[in-house]
Amino acid sequence: MKRIGKTFLQGLAAILPIALTIYVVWWLGSSAESLLGPLIRRVLPDDYYVPGLGVVLGIAFVLLVGVMLRTFLLRRIWSGVEDLFERIPLVKTIYGSVRDLMSFFARGDSERDLEQVVLVRMKDPQIQLLGLLTNDDARTITKRDEEEGLVAVYLPMSYQIGGFMVLVPRDAIEPVEVGVEEALRLLVTAGLKKERAPSS
């Protein structure tokens, strides 16, 4: 029974990530189709409608918004909309968290130079925490001169339960040669990263 259970868990570990990825992609596609498909049917005759046009329209709409937000006028309008969301209780918390998360992944490599992976040394030199350097001057966060020499580091908790933003002296951190995406994967799984077998 132990061998069967172990074999089952190995199969589940192989299938579950793929299944969840396919499900999320399917959910996004079906949601776009169900929302935008009826709008397309009102414009196009039924003979010209092909299943999947809603997904295509959704992708095109997102790209169009991205292009339009590069213009000065629409950036100002969008900024006003964001300010409105920031004034609504509860909504501002959800919106701010999602916006910051998406803006992090939308940045280019040159914009992520500051958000590097670091080790934070505790008082006991044998204990180190892996985190992300998010701000190299804590005074821009606290607006207090007392924080001169401190930096902000985000310490995610395993399995993305939460995390902590800590202010530590600059000499208490040490950069490590690990990419941000790789570090996030390691942190989310508490370091339980399965090494891939070398390709033949």
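**Entry 1: Val-176**

I am working with a predicted model. I began at Val-176, which sits in the loop between strand S5 (173–175) and helix H6 (180–188).

Next I asked which residues Val-176 touches, leaving aside neighbours within four places in sequence. I found contacts with Val-117, Val-118, Leu-119 and Leu-130. I then checked Val-118 by its C-alpha atom, and the separation from that of Val-176 is 5.5 Å, although the two residues are 58 apart along the chain.

**Entry 2: Val-118**

That took me to Val-118, which belongs to strand S1. I read 0% relative accessibility for Val-118, so this residue counts as buried. With neighbours within four places set aside, its contact list includes Leu-129, Leu-130, Gly-131 and Leu-133. I also found Val-153, Ile-173, Glu-174, Pro-175 and Val-176 among the contacts of Val-118.

I looked up one more distance here.

How many of the 5 residues of strand S1 (residues 117–121) are buried? I noted 4, so S1 is largely enclosed by the rest of the structure.

I followed S1 to strand S2 (residues 128–135) and found antiparallel pairing over 5 bridges. In this pairing Val-118 has Gly-131 of S2 as its bridge partner, and Val-120 stands opposite Leu-129. S1 is also joined to S5, by 3 bridges and again antiparallel. There I saw Leu-119 opposite Glu-174 in S5.

A reminder to myself: in a regular strand the side chains alternate between the two faces of the sheet.

**Entry 3: the whole sheet**

I went on from S2 to strand S3 (residues 150–156), and 3 bridges join this antiparallel pair. Two partners in S3 went into my notes: Ala-152 for Asn-135, and Tyr-154 for Leu-132.

In what order do the strands of the sheet come? I wrote down S4-S3-S2-S1-S5, an open sheet of 5 strands with antiparallel pairing. Strand S4 (163–169) and S5 are the edge strands, each pairing on one side only. Neighbouring strands are turned by 45° against each other on average, direction ignored.

I also checked helix H6, which lies across S1, S2 and S3. H6 runs at about 135° to S2.

**Entry 4: helix H1**

I turned to helix H1, which has 42 residues. From its first C-alpha to its last, H1 reaches 60 Å, close to the 62 Å expected at 1.5 Å a residue. Where is the kink in H1? I located it at Leu-36, shortly before the proline Pro-38, with an angle of about 40°.

I then listed buried residues in H1: Gly-29, Ala-32, Glu-33, Gly-37 and Ile-40. The buried residues of H1 pack against helix H2 (53–68).

**Entry 5: an aromatic pair**

My search for aromatic pairs gave a count of 1. The partners are Tyr-23 and Trp-26, in a tilted arrangement with 6.0 Å centre to centre and 35° between the planes. Both residues lie in helix H1 (residues 2–43), and because they are 3 residues apart, about one helical turn separates them.

I looked up how open each partner is. Tyr-23 has 46% relative accessibility and counts as partly exposed, whereas Trp-26 has 54% and counts as exposed. The exposed class is over 50%, so the two fall into separate classes.

**Entry 6: Lys-143**

My last stop was Lys-143, in the loop between helix H5 (139–142) and S3. I read a phi near 60° there, a positive value in a residue other than glycine. I wrote the background beside it: most residues other than glycine have a negative phi. Is Lys-143 buried or exposed? Its relative accessible area is 68%, so Lys-143 is exposed.

Notes:
Residues are numbered from 1 along each chain as its sequence is written. This is a predicted model: local features need pLDDT of at least 70, side-chain atom pairs count only at pLDDT 80 or more; totals for chains, interfaces and linings use all residues. Side-chain values use heavy atoms; hydrogens and water are left out. Helices (H or I, at least four residues) and strands (E, at least two) are DSSP runs, numbered from the N terminus. Contact means heavy atoms within 4.5 Å. Rings of Phe, Tyr and Trp (its six-membered ring) pair if their centres lie within 6.5 Å; planes under 30 degrees apart count as stacked, over 60 as edge-to-face and the rest as tilted. Buried means under 20% relative accessible area, exposed over 50%, partly exposed in between (1.4 Å probe, protein chains only). Two strands pair if DSSP finds at least two bridges between them. Axes are lines fitted to C-alpha atoms, for helices over the stretch in contact, and angles run from 0 to 180 degrees between N-to-C directions. The expected span of a helix is 1.5 Å times one less than its number of residues. The bend at a residue is the angle between axes fitted to the seven residues ending there and the seven starting there.
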